[in-house]
Amino acid sequence: ATDDCSNFAQWVFCILRGDPEPIKTLLKKYHGYNCVSCGKEGFMEGLDLEHTIPVHKGGGGSWLNNYTLMCRGCHKKKTKLDLAKPLKNKPQLTLF
(Lines give C-alpha, C1' and ligand atoms only; values in the text may rest on other atoms or scores of the structure.)
Protein backbone atom coordinates (compact mmCIF):
# COMPACT_ATOMS: atom_id res chain seq x y z
CA ALA A 1 0.00 0.00 0.00
CA THR A 2 1.11 3.55 -0.58
CA ASP A 3 2.02 5.82 2.34
CA ASP A 4 -1.15 7.87 1.77
CA CYS A 5 -3.32 4.77 1.92
CA SER A 6 -1.55 3.52 5.02
CA ASN A 7 -1.87 6.91 6.75
CA PHE A 8 -5.57 7.09 5.86
CA ALA A 9 -6.15 3.65 7.39
CA GLN A 10 -4.39 4.76 10.59
CA TRP A 11 -6.57 7.91 10.84
CA VAL A 12 -9.75 5.88 10.33
CA PHE A 13 -8.68 3.41 13.01
CA CYS A 14 -7.94 6.23 15.47
CA ILE A 15 -11.32 7.86 14.81
CA LEU A 16 -13.29 4.64 15.24
CA ARG A 17 -11.32 3.77 18.37
CA GLY A 18 -12.14 7.22 19.79
CA ASP A 19 -8.57 8.45 20.30
CA PRO A 20 -9.05 12.06 21.44
CA GLU A 21 -5.85 13.67 20.18
CA PRO A 22 -6.07 12.56 16.52
CA ILE A 23 -9.78 13.49 16.48
CA LYS A 24 -9.00 16.93 17.95
CA THR A 25 -6.31 17.43 15.31
CA LEU A 26 -8.76 16.71 12.50
CA LEU A 27 -11.56 18.83 14.01
CA LYS A 28 -9.19 21.76 14.48
CA LYS A 29 -8.80 21.88 10.69
CA TYR A 30 -12.55 22.55 10.38
CA HIS A 31 -13.31 24.58 13.50
CA GLY A 32 -9.97 26.15 14.31
CA TYR A 33 -9.13 26.57 17.97
CA ASN A 34 -12.62 27.81 18.87
CA CYS A 35 -15.38 26.42 21.05
CA VAL A 36 -18.29 25.58 18.72
CA SER A 37 -20.76 26.75 21.36
CA CYS A 38 -19.51 30.12 22.59
CA GLY A 39 -16.73 30.82 20.07
CA LYS A 40 -14.09 31.23 22.77
CA GLU A 41 -10.61 30.87 21.36
CA GLY A 42 -8.38 28.33 22.99
CA PHE A 43 -5.54 25.97 22.48
CA MET A 44 -5.93 22.23 22.01
CA GLU A 45 -5.28 21.66 25.71
CA GLY A 46 -8.13 24.04 26.59
CA LEU A 47 -10.76 22.41 24.38
CA ASP A 48 -12.66 19.24 25.24
CA LEU A 49 -13.71 16.66 22.72
CA GLU A 50 -17.50 16.58 22.93
CA HIS A 51 -19.95 14.01 21.55
CA THR A 52 -22.84 15.74 19.77
CA ILE A 53 -24.99 12.70 20.53
CA PRO A 54 -23.86 11.59 24.01
CA VAL A 55 -22.25 8.20 24.47
CA HIS A 56 -24.98 7.12 26.90
CA LYS A 57 -27.54 7.82 24.17
CA GLY A 58 -25.76 5.82 21.47
CA GLY A 59 -23.13 8.31 20.32
CA GLY A 60 -20.02 6.30 21.11
CA GLY A 61 -17.78 4.69 18.51
CA SER A 62 -18.87 7.01 15.73
CA TRP A 63 -17.43 9.02 12.89
CA LEU A 64 -16.25 12.66 13.02
CA ASN A 65 -19.78 14.03 12.53
CA ASN A 66 -20.52 13.19 16.18
CA TYR A 67 -17.59 15.15 17.62
CA THR A 68 -17.08 18.84 18.27
CA LEU A 69 -14.60 20.93 20.25
CA MET A 70 -15.90 22.85 23.26
CA CYS A 71 -14.35 24.86 26.04
CA ARG A 72 -14.57 23.21 29.45
CA GLY A 73 -17.41 25.48 30.64
CA CYS A 74 -19.67 24.85 27.64
CA HIS A 75 -18.88 21.14 27.74
CA LYS A 76 -19.96 20.90 31.38
CA LYS A 77 -23.20 22.79 30.67
CA LYS A 78 -24.05 20.57 27.70
CA THR A 79 -23.27 17.40 29.66
CA LYS A 80 -25.62 18.48 32.46
CA LEU A 81 -28.37 19.18 29.93
CA ASP A 82 -27.79 15.86 28.17
CA LEU A 83 -28.00 13.92 31.43
CA ALA A 84 -31.20 15.74 32.44
CA LYS A 85 -33.05 14.78 29.25
CA PRO A 86 -34.77 11.38 29.31
CA LEU A 87 -33.78 8.88 26.64
CA LYS A 88 -36.71 8.47 24.24
CA ASN A 89 -35.39 6.70 21.18
CA LYS A 90 -31.80 5.62 20.73
CA PRO A 91 -30.45 7.68 17.81
CA GLN A 92 -28.95 5.89 14.85
CA LEU A 93 -25.51 7.03 13.76
CA THR A 94 -23.88 6.07 10.51
CA LEU A 95 -20.17 5.45 10.21
CA PHE A 96 -19.96 7.07 6.78
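Trainee: What covers the buried residues of α2?
Mentor: This is a predicted model, in which local features need pLDDT of at least 70 and side-chain atom pairs count only at pLDDT 80 or more, while totals for chains, interfaces and linings use all residues. Residues are numbered from 1 along each chain as its sequence is written, and side-chain values use heavy atoms, with hydrogens and water left out. Helices (H or I, at least four residues) and strands (E, at least two) are DSSP runs numbered from the N terminus, and contact means heavy atoms within 4.5 Å. With those terms in place, what covers the buried residues of α2 includes α1, β1 (47-51) and β2 (67-71).

Trainee: Which residues of α2 are buried?
Mentor: Buried means under 20% relative accessible area, exposed means over 50%, and partly exposed lies in between, with a 1.4 Å probe and protein chains only. Across the protein chain of 96 residues, buried residues make up 33%. In α2, the buried residues are P22, I23, K24, L26 and L27.

Trainee: In what order do the elements of the protein chain run from the N terminus on?
Mentor: The secondary structure of the protein chain comes to three helices and two strands. From the N terminus on, these elements run α-α-β-β-α.

Trainee: How are α1 and α2 oriented to each other?
Mentor: Axes are lines fitted to C-alpha atoms, for helices over the stretch in contact, and angles run from 0 to 180 degrees between N-to-C directions. The axes of α1 (residues 3-17) and α2 (residues 20-31) come within 8 Å and cross at roughly 110 degrees. Angles under 35 degrees count as roughly parallel, over 145 as roughly antiparallel, 65 to 115 as roughly perpendicular and the rest as oblique. The two helices, α1 and α2, are therefore roughly perpendicular.

Trainee: How many residues of the contact of α1 with α2 are nonpolar?
Mentor: On the α1 side W11, C14 and I15 take part, and they meet P22, I23, T25 and L26 in α2. Of the residues in this contact, none is charged and one is polar, and the number that are nonpolar is six. Here Ala, Val, Leu, Ile, Met, Phe, Trp, Tyr, Cys and Pro count as nonpolar, Asp, Glu, Lys and Arg as charged, and the others, Gly among them, as polar, which leaves the nonpolar count at six.

Trainee: What does W11 count as at its relative accessibility?
Mentor: W11 is found in helix α1 and touches P22, T25 and L26, when residues up to four places away in sequence are not counted. Its C-alpha is 8.6 Å from that of I23, which is twelve residues apart from W11 in sequence. At 35% relative accessibility, W11 counts as partly exposed.

Trainee: How far does α2 reach from its first C-alpha to its last?
Mentor: The expected span of a helix is 1.5 Å times one less than its number of residues. For the twelve residues of α2, 16 Å is expected, and close to that is the reach from first C-alpha to last, 15 Å.

Trainee: What is the relative accessible area of E41?
Mentor: E41 lies in the loop between α2 and β1, where it touches Y33 and N34, not counting residues up to four places away in sequence. The C-alpha atoms of E41 and M70 are separated by 9.8 Å, although these residues are 29 apart along the chain. E41 is exposed, and its relative accessible area is 66%.
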